[in-house]
Amino acid sequence: MAILLSSASRVLVQGITGREGKFHSLKMIEYGTQVVGGVTPGKGGEWVHGKPVFDTVKACVDATAANTSMILVPAPFAADAIYEAIDAGIELIVCLTEGIPISDMMGVAEYLKRSNSRLIGPNCPGLLTAGQAKVGFMPNYISIPGNVGVVSKSGTLTYETVAAMSAAGFGQTTCVGIGGDPVIGTSFVDVLALFEDDPQTEKVVLMGEIGGRAEIDAAEFIKSHMTKPVVAFIAGRSAPEGTRMGHAGAIVEGGQGTAQEKIDALRAAGARIADNPEHIPQLLG
Amino acid sequence: MNLHEYQTKRRFGQYGIPVANGIVARTADEAYAAAVQIGGVVVVKAQVLVGGRGKAGGVKVAKSPEEAREAASRILGMDIKGHTVHQVLIDPGANIAKEIYLGITNDRAAAKPVMMASSEGGVEIEQVAKDNPDAIRREWISPSLGLRDYQARNIAEGINLPREHWGALTKIAKALYRCYIDSDAVLAEINPLVITGENTLFALDGKMVLDDNALYRQQELASQRDTSGDPLVEVQAREAGLTYVKLNGQIGCMVNGAGLAMTTMDMIKLYGGGDIGPANFLDIGGGAQADRVAAALRIILSDTDVKAVLFNIFGGITRGDEVAKGILQALEEVPTTIPMVIRLAGTNSEEGRAIIDGASIPNIRSASTLTEGAQKAIAAARGE
């Protein structure tokens, strides 16, 4: 079962004719994902990796019955691409694009609430259901099927942790990168709720970072709703206040959003805290 | 990106918010001329992109052009929290009866803009939030509807503003919202918004912070960026497409991805025993071609506190062999004897390690895990 994505998902790629779009859709196909088509305005009628390219998302959905979309278009066009996917009735929209203006995302967030679509990201590595399908950047070989659900704000930190888990024999159900931007479509709490309800997932690994209060909300949810054990790591204990650490959301402001306050909240909620991501497998045992 | 007070107020004025027509001066003589032109009492205000200038002595009232010259000569060149004052704003003196706060920012949890007002103006809103949270009135704004009149009235009523000012406040609040949206601001605030002795509302001070991700469509505002207060290396890094933040430790870090970069810093601090720490945050981003690695290495080594460098690259999009070639090329361009620890993992990492080993450079050690990389870098920084 796992969550959100499976070998039955029918995936289209918005921006499939771009360099990155081409490269990553090939990796997704190699992993076993059902990539059914792509969309690039003005390039309808072309083919990429034997998949048809359409001018609009609606035309692609009509022809291929796609229900999942990966968006890999430049930031100035990303909000429009998300609206187009929502209006075409896509159930799961995964936006990998980095650098989308926050006001664009606030508009998207409001529109999304009135729709039946779910958005993952933006500025995220995407997601992968081990042994079944992946949408996004995650390297194909680092994951093995198992019973641990992984949710993270960061890309390469997720690879680091998932690789360490796989090497130690702890396989995964689904690994979800929710993204490091201030406004994102799917929160830690949303993913934790899905893992809690997923019969295949027995344990959960959560990787957060400084800034905002998403990890505090996650701690409250873990305390009140989770029966499955959670292992957590929070990046940025050594970060100074008032400085943005790469991710637009990763900034400690007015003493709020520090790593320590998040670690304390998660520990108080019963999560096991790793001070080194390479120690996460030990805490899962 | 931060705007100066004079830039912000000029922008506010374009939206119909009542502001003073102040004059910017770069020398004491220019300040004198500005005071003559304005006439009467003026205020000389340091223009720096950092808070707390009033406490630092960066704001002075001058009753005559001579006093304005005197004040400007003292303020220009002053150091305020590491920022040198290069210009002052000469504003006409204001007759203040009461100060309030009005601002808009993004509430990331609600994914909406939030307008905040407080009857305690002239104080930082963060301080009011801490000391007297009930004094703050908030209105969340629907991005598709914009700020409605009733919300402005809610704010006016919520901060006990006399009814005679509700109309004026509504106008200012709506103009501020429009300005915030059109400018792609993440913060736009009037602090203080004053009720004058003549019983009108007036924006005495203004602050705007713009969304860096939106600068591509805000070219007029982006061209006003003042980098004179930024450390030179951070400006260089920005130009090379890198995110670099200087810290106080001894180990230079070059990492791909923001989360992993923070984690690498954390590991150095964790195993550094209190005396060794990270010298910087640096995310080289995806891809990591040779020229970018070289630019990053040059920036890291320009910090004279650096005693060792740790490369931690987990290949996803980034390929280990490309990074290895980049490192070797960078070392040709930027020769150094500082010890380096290289940890490559993920896509093509074995090929990458073979390239590094093949070059047999004496000051390079390799590591296979993050923990080992951090520990070896710490040992190297200690000269072990």
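**Exercise 1. Describe how helix 2 and helix 3 of chain B pack.**

Step 1. The axes of helix 2 (residues 28-38) and helix 3 (residues 65-75) of chain B come within 8 Å and cross at roughly 145°. Axes are lines fitted to C-alpha atoms, for helices over the stretch in contact, with angles from 0 to 180 degrees between N-to-C directions. Helices (H or I, at least four residues) and strands (E, at least two) are DSSP runs numbered from the N terminus.

Step 2. Helix 2 of chain B makes a right-handed crossing with helix 3 of chain B; a crossing is right-handed if the near helix is turned clockwise from the far one by less than a right angle, left-handed if anticlockwise.

Step 3. Helix 2 of chain B contributes residues including Ala28(B), Tyr32(B) and Val36(B), and helix 3 of chain B contributes residues including Pro65(B), Arg69(B) and Ser73(B). Contact requires C-beta atoms, placed from the backbone, within 7 Å.

Step 4. By class, the contact has eight nonpolar, one polar and two charged residues. Ala, Val, Leu, Ile, Met, Phe, Trp, Tyr, Cys and Pro count as nonpolar, Asp, Glu, Lys and Arg as charged, and the others, Gly among them, as polar.

The model is predicted: local features need pLDDT of at least 70 and side-chain atom pairs pLDDT 80 or more, while totals for chains, interfaces and linings use all residues. Residues are numbered from 1 along each chain as its sequence is written, and chains are lettered from A and ligands numbered from 1 in the order in which they are written.

**Exercise 2. Characterise the side of chain B that touches chain A.**

Step 1. Contacts join 46 residues of chain B to 46 residues of chain A.

Step 2. Elements of chain B that each supply at least two residues include strand 9 (112-118), helix 9 (258-271) and helix 13 (370-381). Helix 9 of chain B gives the most, 11 residues.

Step 3. This side of chain B has 23 nonpolar, 15 polar and eight charged residues.

**Exercise 3. Trace the seven-stranded sheet of chain A and locate the helix of chain B that packs on it.**

Step 1. The sheet is open and mixed, in the order 9-8-11-10-12-13-14. Strands pair if DSSP finds at least two bridges between them.

Step 2. Strand 9 (133-136) and strand 14 (272-273) of chain A are the edges, each pairing on one side only.

Step 3. Strand 8 (residues 126-129) and strand 9 of chain A are antiparallel over four bridges, with Leu127(A) opposite Val135(A).

Step 4. Helix 9 of chain B packs on the sheet, touching strand 12 (203-209) and strand 13 (230-235) of chain A, and its direction makes about 85° with that of strand 13.

Key: Two residues are in contact if their C-beta atoms, placed from the backbone, lie within 7 Å.
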